[in-house]
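Good morning, and thank you for making time for this presentation. Please have the sequence and the model open while I speak.

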Amino acid sequence: MPKELDKAYEPASVEQRIYAQWERSAGFGPTGDGEPYCIVQPPPNVTGVLHIGHALDNSLQDAIIRRKRMQGYRALWLPGTDHAGIATQNVVERELAKEGLSRNDLGREAFVERVWEWKRHSGGRIVEQLKRLGSSCDWSRERFTMDDGLSRAVREIFTRLYDEKLIYRGSRIINWCPRCQTALSDIEVEHRDVEGELVQLAYPLKDDTGEIVIATTRVETMLGDTGVAVNPKDERYRDLVGKTAVLPIVGRELPIVADDAVDFEFGTGALKVTPALDPTDFEIGERHGLPAVNVLTAQAHITEDGGEFAGMDRYAARKAVTEKLRSMGVVREETRPYVHSVGHCYRCGTEVEPWLSDQWFVKVRPLAERAIEAVRNGDTRFVPQRYERNYMDWMENLRDWCISRQLWWGHRIPVYTCANGHEFASREEPKACPVDKNEDLTQDPDVLDTWFSSALWPFSTLGWPDETQDLRQYYPTSVLVTGYDIITFWVSRMMMMGLYAMNAVPFPDVHVHGMVRDFRGKKMSKSFGNVVDPLELLDKYGADALRMTLVRSATLGGDVPIAEQWVEGDRNFANKLWNASRFVFMNLGDEATPLPPKHHRTLADNWILSRLATVTEQVDAAMEAYDFATAAQMLRQFTWSEFCDWYIEWAKGPLTSGDEAREAAARGMLTVVLKTILELLHPLMPFITEELHTAMDGQSAMSARWPSADRDLVDHDAEGTFEFVQSVVSALRRFRADHQIPTSVRPDTTIAVPDAERRSVLVSEIERVRVVARWGEITLTDTGQAATGHARLVVSGAEIFIPMAGLFDVDAETTRLDKEIERLRSDADRIRAKLGNTDFVGKAPDEVVEQQRDRLAENETAAARLAEAREELRRR
């Protein structure tokens with residue numbers, strides 16, 4: 001007999017208990033002898049706290065891995081965290097600052113030990129938060145990007161690349177944070193619109209024949225100009241190419257060159273070339289042999305090359321240089337405020353400088369070529385396919401990768417130089433130089449970009465460079481689930497490194513999801529005040545509700561809108577499932593009841609089994625195609641509407657009939673359908689389904705077999721016939737709702753059904769129709785005609801005649817309907833005007849526009865239905 005359920009579902013107590021049971025049972029690890037299936041979890045930062053993007057990403061991965069377990073795969077979901085170089089170092093430096101200390105006070109070795117101490121005591125909070133979400137990772141295999149095994153993998157891959165001359169030291173423009181004193185990757189730079197100024201400056205020509213006017217937002221950098229560039233297609237400057245301009249203040253001669261990189265739509269179309277402080281300028285400088293003069297220090301102060309401005313910080317120099325140029329009469333125009341996008345350090349918020357610096361780089365072209373070909377020939381596919389273009393655009397235009405960071409926390413670059421100047425890379429801590437055996441060695445002080453170790457994640461976590469059993473079984477992994485924002489920074493690098501180290505792609509499928517946004521489709525931002533905290537939603541509504549909302553909203557490849565009321569709605573869905581299960585359990589006996597044979601099934605039985613078979617097949621296909629939103633929507637609609645609202649109501653008839661055979665058949669039906677629903681829902685809503693499945697028969701939903709569709713149960717005739725019965729009930733319910741008839745009033749009615757077969761069906765189902773619709777006496781005829789004072793409802797295959805006397809005052813009801821129709825139509829007109837506004841449709845997120853269209857359709861449908869009801873009243 002099923003376990004008795006509490007009256008209400010309380011997620012907090014159930015989820016904690018269930019997760020503890022799962023961990024004790026060691027059910028998250030791979031078991032059995034099925035085909036291997038592996039997902040490596042994108043490692044969150046060790047400093048991180050669960051945000052809504054993590055919640056989406058992990059809900060999708062968990063849905064995949066739970067279904068694969070249920071399908072009999074030897075499924076592994078391998079978790080871990082990222083050491084997050086700059087983020088973690090900043091956290092610990094802030095702690096030191098509270099003690100009046102800096103990292104330099106401690107020294108490198110003591111500082112790194114302090115970071116490890118912080119990691120042991122405070123790092124990894126996000127792991128516990130992921131457990132709250134229900135993530136069924138194999139925590140016994142949890143990795144950290146700086147654990148011993150992964151550190152060994154990093155040194156191995158670095159040394160191989162170095163020895164093959166695919167890693168080199170060179171001067172390039174990098175993103176530089178003057179506050180954190182380190183290079184940053186592009187993904188670590190946040191671009192924000194700021195109000196600055198656009199200043200046009202006149203550079204005189206050396207031959208005194210005129211001037212060339214340039215435009216800049218960073219006036220202080222003109223001190224480092226070494227040339228002027230124009231587009232060769234720009235007719236305005238064709239005669240100036242090859243001439244020389246003179247740099248005001250400094251007096252440096254500037255060759256005027258033609259280069260296709262110049263955007264002649266920006267400013268004056270003439271570009272001041274500062275090779276040391278701009279990536280485009282650097283490339284122009286290399287093409288035309290222009291020297292690089294770096295006028296900014298690492299602290300973003302002006303260098304000695306800045307003459308009288310030396311020592312000023314960049315902002316003070318910007319004002320001082322502009323004032324000097326004004327006094328010289330070379331300022332032609334100043335635009336203030338001029339809004340433009342400026343990069344900021346993602347950790348400290350400081351404005352980032354493009355800065356010429358000696359750094360370590362990976363020569364990516366040889367690696368990228370194989371990664372491009374692997375996608376082109378189908379070894380790895382993107383789902384949806386359109387994101388393949390993002391990947392290709394990035395890979396085909398890839399610049400060498402700056403991998404060095406001026407930090408202390410991270411994988412220190414394993415390059416050493418002996419006292420005699422010999423440089424080498426080493427897999428182990430060397431005792432002497434391999435060239436001359438000199439033991440006086442200095443290691444490079446920089447650490448590697450965090451993305452370097454992350455690029456090795458799919459194989460390093462499985463034991464590489466050792467040939468482990470996990471590596472043999474699970475590489476290539478089966479799928480990567482990630483947001484489109486890191487296709488370029490992470491997916492591309494994993495592809496390159498996987499092919500380089502393993503000679504195979506790291507995953508055949510990349511499932512790309514969108515970014516979580518607010519319900520209007522707007523980007524979440526603290527400044528907008530629209531950030532959704534998943535931890536608060538977990539506390540308030542439970543993990544299953546949050547997961548269901550995220551997955552339902554994650555349409556294939558699109559951004560993911562979310563609102564708290566939607567999570568509340570899915571909490572209500574969980575309650576609906578709980579209450580339906582509670583009803584079923586109360587009606588099940590001590591013995592397991594099988595599915596009744598066909599001759600004992602009712603029309604409703606055959607209908608629900610047919611729908612269950614179809615939904616099972618469609619859900620399975622959708623999940624196999626990574627279309628989780630469709631799967632979730634179908635399951636939710638089937639469970640709530642078809643099973644709970646229709647089938648259970650119909651099953652109450654046989655359950656209370658007093659006929660033992662009919663009762664047993666109903667119990668068997670309820671058992672089979674509910675059990676299948678719980679198993680289909682389990683990957684999406686694991687906690688409540690585990691609790692209910694275990695309560696039902698003592699078996700864990702997590703270890704149940706994934707349902708397969710029984711096509712023999714598909715019965716289109718039963719579906720069509722029961723839908724006819726449903727249409728009659730719906731018409732009666734709608735009439736009651738439209739005219740606000742209290743449920744205590746049970747009107748009589750006559751239903752005319754010309755088709756004898758359908759009329760016979762309605763005769764056999766009439767008692768359930770009457771009870772479910774909460775109606776009075778129902779008379780069935782083959783033909784009918786509405787008499788005066790009767791309302792006439794038409795459904796496909798039947799006419800319904802309802803006497804209105806005593807139900808409501810027809811005149812008053814007509815007036816009420818007039819007002820409601822007017823309200824709906826006014827609202828529809830307002831929405832229609834909004835949708836007719838090209839500015840709104842062009843700028844609003846697609847989700848918002850679609851919501852307005854849906855609302856318009858709902859209003860139009862409701863107004864039309866009420867207008868029909870009103871006209872029916874007027875005719876009577």
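How many bridges join strand β9 to β12, and do the two run parallel or antiparallel? Before I answer, please note that this is a predicted model. Strand β9, residues 227-230, is joined to β12 by four bridges, and the two run antiparallel. One of the residue pairs can be named: Val228 has Lys272 of β12 as its bridge partner.

These two strands belong to an open sheet of four strands, whose order is β10-β11-β9-β12. The pairing in this sheet is mixed. At its edges are β10, residues 244-246, and β12, residues 270-273, each of which pairs on one side only. From one strand to the next, the twist averages 30 degrees.

I turn now to the salt bridges. In general, side chains of opposite charge can pair when their charged atoms come close. Over the whole structure, the search finds 60 salt bridges. I shall discuss some of them individually.

Consider Arg547 and Asp62, whose closest N and O atoms are 2.8 Å apart.

Next comes the salt bridge between Arg141 and Asp470, with 2.9 Å between the closest N and O atoms. Arg141 sits in the loop between α6 (125-133) and β4 (143-144), while Asp470 lies in helix α14, residues 469-474, so the pair ties together parts that are 329 residues apart in sequence. Arg141 is partly exposed, its relative accessible area being 24%.

A further salt bridge is formed by Asp645 and Lys576, where the closest N and O atoms are 2.9 Å apart. This pair links distant parts of the chain, with Asp645 in helix α20, residues 628-655, and Lys576 in helix α18, 69 residues apart. Asp645 is partly exposed at 27% relative accessible area, and Lys576 counts as partly exposed at 26%. Beyond such pairs, salt bridges that share partners join Glu197, Glu323, Arg326, Glu334 and Arg336 into one network.

The largest cavity has a volume of about 60 Å³. Its lining consists of 13 residues, and Ile86, Glu188, Arg405, Leu407 and Thr450 lie nearest its centre. Three elements, α3 (85-98), β6 (182-184) and β21 (447-448), each supply at least two residues of this lining. By class, seven of the lining residues are nonpolar, three are polar and three are charged.

The second largest cavity has a volume of about 40 Å³. Among the residues that line this second cavity are Tyr9, Pro11, Glu15, Tyr541, Asp544 and Arg571. Two or more lining residues come from each of α1 (11-25), α17 (543-553) and α18 (564-587). The lining of the second largest cavity divides into six nonpolar, two polar and three charged residues.

Thank you for your attention.

Definitions and conventions:
Residues numbered from 1 in each chain as written. Predicted model: local features only at pLDDT ≥ 70, side-chain atom pairs only at ≥ 80, totals over all residues. Heavy atoms only, no water. 1 Å grid on protein atoms, 1.4 Å probe; cavity = no way out; pocket = protein on both sides within 12 Å on 5 of 7 lines; lining within 4 Å. Points joined across faces, edges and corners; volume = space filled by probe spheres on them. Nonpolar A, V, L, I, M, F, W, Y, C, P; charged D, E, K, R; others polar. Salt bridge = Lys/Arg side-chain N within 4 Å of Asp/Glu carboxyl O. Buried < 20%, exposed > 50% of the residue type's maximum accessible area, 1.4 Å probe, protein only. Pairing = 2+ DSSP bridges. Axes fitted to C-alpha atoms, helices over the stretch in contact; angles between N-to-C directions.
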